[in-house]
Amino acid sequence: MIEIVSLIVSKGNPTWVQTVKNYARCPGLDSKDWQKLLLDQDGPRLMATHLPIQLFPKSYFTSKAKIIYVIRNPKDVITSGYYIGKHLSLLNNQQTFGEYLHAFIQGDVTWGSWFDHTIGWLTRRDTANFLLMSYEELQRDLRGNMQKVCQFLGKPLSPEQFDSAVQHSSFSAMKENAMSNSIMLRNPEDDTVHNIPLLRKGTCGDWKNVFTVAQSEAFDTVYQEKISRLDPGLFPWSEYC
């Protein structure tokens, strides 16, 4: 989504996304390093966050700022989080996938419970400055959903600009772009900053290659208990994955 919005704002011109790191184009609220970048920017700004709604700055709720909230099949979230964490050494090297899955279900992971996070932010879904998107729908129809983002942001593009934005926000283009395929992390042991490759497969349903049948069934039971009061139509992954 950072790449999509960056390209829409730059009217499809890929120069910005090819010369400026993603976290500099769209700094996050989740760390002091990124907050410093935000404070140095003027005018309308792009921001990224993983914060749950209860920790989000209260000023947003009385502002005209717009939020695009991207949801994804939680089984794929777990799979992606596990491999990224292992790659970034954020997890104990001895932690098995089963142990990580248990921690995820308990909400004992970075940014807390996926269930609480999702349920909390979905309370905003009927407000004018909130757009709900899903990873699965972006995979299924990138062009159509990018058009929704353009409309939501009030940023219409010419056909040529839009084609360029779609082309350069594809997973293959992002993975080849060193400015997009990276994440900035600070090592707490020596306070050094590192740029680490971020993108892995960019597919839906990779959880099927990781979960055992028993793990999948156990997660489904918890999922139904936690999400049962919400409209199943909000979650398209059962249809596409």
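Reader: Which residues is Arg25 in contact with, leaving aside its neighbours within four places in sequence?
Author: This is a predicted model. In it, Arg25 touches Ile2, Glu3, Ser6, Trp16, Val17, Val20, Leu46, Met179 and Ser180, once neighbours within four places in sequence are set aside.

Reader: Where does Arg25 lie?
Author: Arg25 belongs to helix H3, residues 22-25.

Reader: Buried or exposed?
Author: Arg25 is buried, because its relative accessibility is 1% and buried means under 20%.

Reader: What lies 2.9 Å from a polar atom of its side chain?
Author: The backbone oxygen of Val20. Val20 is also among the residues in contact with Arg25.

Reader: You listed Glu3 and Ser6 as contacts of Arg25. Which residues of H1 are buried?
Author: Glu3, Ile4, Val5, Ser6, Leu7 and Ile8 are the buried ones. H1 covers residues 2-9, and six of its eight residues are buried, so the helix is largely enclosed by the rest of the structure.

Reader: What comes just after H1?
Author: Lys11, with a positive phi of about 55°. Lys11 is not a glycine. It sits in the loop between H1 and helix H2, residues 15-19.

Reader: How accessible is Lys11?
Author: Lys11 is partly exposed, at 48% relative accessibility.

Reader: Which other non-glycine has a positive phi?
Author: Trp111 has one, at about 70°. Trp111 is in the loop between H6 and helix H7, residues 114-122. With a relative accessible area of 40%, Trp111 counts as partly exposed.

Reader: Let's stay with H6. At what angle do the axes of H6 and H12 cross?
Author: At roughly 5°, and the axes come within 12 Å. H6 is residues 97-106 and H12 is residues 213-227.

Reader: Parallel or antiparallel, then?
Author: Roughly parallel. Angles under 35 degrees count that way, so the crossing angle settles it.

Reader: Why quote both an angle and a distance?
Author: Because two packed helices are described by the angle between their axes and the distance between the axes.

Reader: Which residues meet there?
Author: From H6, Phe97, Gly98, Leu101, Phe104 and Ile105. From H12, Gln215, Phe219 and Val222. By class, the contact has six nonpolar residues, two polar and no charged ones.

Reader: Why would residues three or four places apart in a helix point the same way?
Author: Because an α-helix has 3.6 residues a turn.

Reader: New topic. Where is Thr203?
Author: Thr203 is in the loop between strand E4, residues 193-196, and H12.

Reader: What does Thr203 contact, beyond its neighbours within four places in sequence?
Author: Arg72, Asp76, Tyr135 and Gln139. Thr203 and Gln139 are 64 residues apart along the chain, yet 7.8 Å separates their C-alpha atoms.

Reader: Now the whole protein. How many helices and strands?
Author: There are 13 helices and four strands.

Reader: What share of the residues is buried?
Author: Of 241 residues, 42% are buried.

Reader: Last one. What share of contacts with a separation of 6 or more joins residues 24 or more positions apart?
Author: Those pairs make up 63% of such contacts.

Notes: Residues numbered from 1 in each chain as written. Predicted model: local features only at pLDDT ≥ 70, side-chain atom pairs only at ≥ 80, totals over all residues. Heavy atoms only, no water. Helix = DSSP H or I, 4+ residues; strand = E, 2+ residues; numbered from the N terminus. Buried < 20%, exposed > 50% of the residue type's maximum accessible area, 1.4 Å probe, protein only. Polar contact = N/O pair within 3.5 Å; in protein donor to acceptor, adjacent residues only side chain to side chain. Contact = heavy atoms within 4.5 Å. Axes fitted to C-alpha atoms, helices over the stretch in contact; angles between N-to-C directions. Parallel < 35°, antiparallel > 145°, perpendicular 65-115°, else oblique. Nonpolar A, V, L, I, M, F, W, Y, C, P; charged D, E, K, R; others polar.
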